[in-house]
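Thanks for coming. I have one structure to go through this morning, and I will keep it short. Please have a look at it before I start.

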Amino acid sequence: MRAAICEELGSIAVRETEPPVPGPGQVLVTVEAAGVNYVDALFVQGRYQIKPPLPFVPGSEVAGTLPSGERVLAMCGLGGFATHVAVPAASAVPIPDELDFPRAATFTQSYSTALFALRDRAALQPGETVLVLGAGGGVGLAAIQVATALGARVLAAASTPAKQEAARSAGAESTVSSAEDVKSAARAWSDGGVDVIYDPVGGPLAEPALRALRERGRYVVIGFASGDIPSLPLNQVLLRNRTIVGVDWGAWSMTHPQEQRRLLDELLSMVAKGDLAPVAPRTEPLASTAQVVDDLLNRRVVGKVALLP
């Protein structure tokens, strides 16, 4: 098989290698598309808390076929940037007809994070307002769609006109440039303050976003794609009885596999009913893996990217 292999931290090369042999309880998936996520880029850079021994094949999310021909999506942790990957049989989930392979390969992480964060952690209610930071990326676009499906109104903050347009297409009611005064824009749009902040970015936008929360507002911490972990003034949390909500969907999903399967089944049902319409990702050949990872790390990607082995 062919695989994109990280032989030394910070670099990837596509090589011919031996295909995996499924172990007990595993199935072999012929990969038709592999989603590229920020966490995959962190693995390659050696910046994630888990550091697999070199060499390794990155890639945590795939869609493909089983030997029976059934179309499935699966979370695999590592090994997805390849033509074949062995995954636990329980993690191979049938793909609904509404999703092609690229959409299926870029669905689970972003949409599971959004539903877990907004509904289960932040208790988002119909009619509430949400400010999504980093709204032009895959995580942000999924949050816009999920928040809208839950009955919320969404203001999207994104860095470029192309990302703002993608956010509007995903269902955002309005957009603001992340270079503008986000606090004032959010307060004006929401008539005094938003109910929920969805932040996968961190960095300098965190404090003005926090100050844009209304009374009993919830600041949802998803991640730090900017590379900077912000230090927030706790007096701004105390004021107006605000709450900071931490979201570690990845760890939760691994320790609560049955609950995660129910969450994913619900999301796929929302797709089948038309409540969610995942945006087609940009597709690139496996040979372009190194460039795609670099684009992701430097925030040049609008939406998601899927590799086609």
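This is a predicted model: local features need pLDDT of at least 70, side-chain atom pairs count only at pLDDT 80 or more; totals for chains, interfaces and linings use all residues.

A disulfide needs two cysteine sulfur atoms within 2.5 Å. The sulfur of Cys6 has its closest cysteine sulfur in Cys76, and at 15 Å that is too far for a bond. Cys76, in turn, is in no disulfide either.

Next, helix 6, which runs over residues 182–189. Which of its residues are buried? They are Val182, Ala186 and Trp189. These residues lie on the same side of helix 6, because they cover an arc of only 70 degrees around the axis. What covers them includes strand 8, strand 9, strand 10 and strand 11. Just after helix 6 comes Asp191, with a positive phi of about 60 degrees.

Now the strands. Strand 4, residues 61–65, and strand 5, residues 71–75, run antiparallel and are joined by five bridges. One of the pairs is Thr65 with Arg71 in strand 5. The hairpin of these strands has five residues between them, and there Gly69 takes a positive phi near 95 degrees.

Strand 5 also pairs with strand 7, residues 93–94, through two bridges, again antiparallel. In that pairing Leu73 stands opposite Val93 of strand 7.

That is what I had.

Conventions: Residues are numbered from 1 along each chain as its sequence is written. Side-chain values use heavy atoms; hydrogens and water are left out. Buried means under 20% relative accessible area, exposed over 50%, partly exposed in between (1.4 Å probe, protein chains only). Helices (H or I, at least four residues) and strands (E, at least two) are DSSP runs, numbered from the N terminus. The arc is that of the directions from the helix axis to the C-beta atoms. Contact means heavy atoms within 4.5 Å. Two strands pair if DSSP finds at least two bridges between them.
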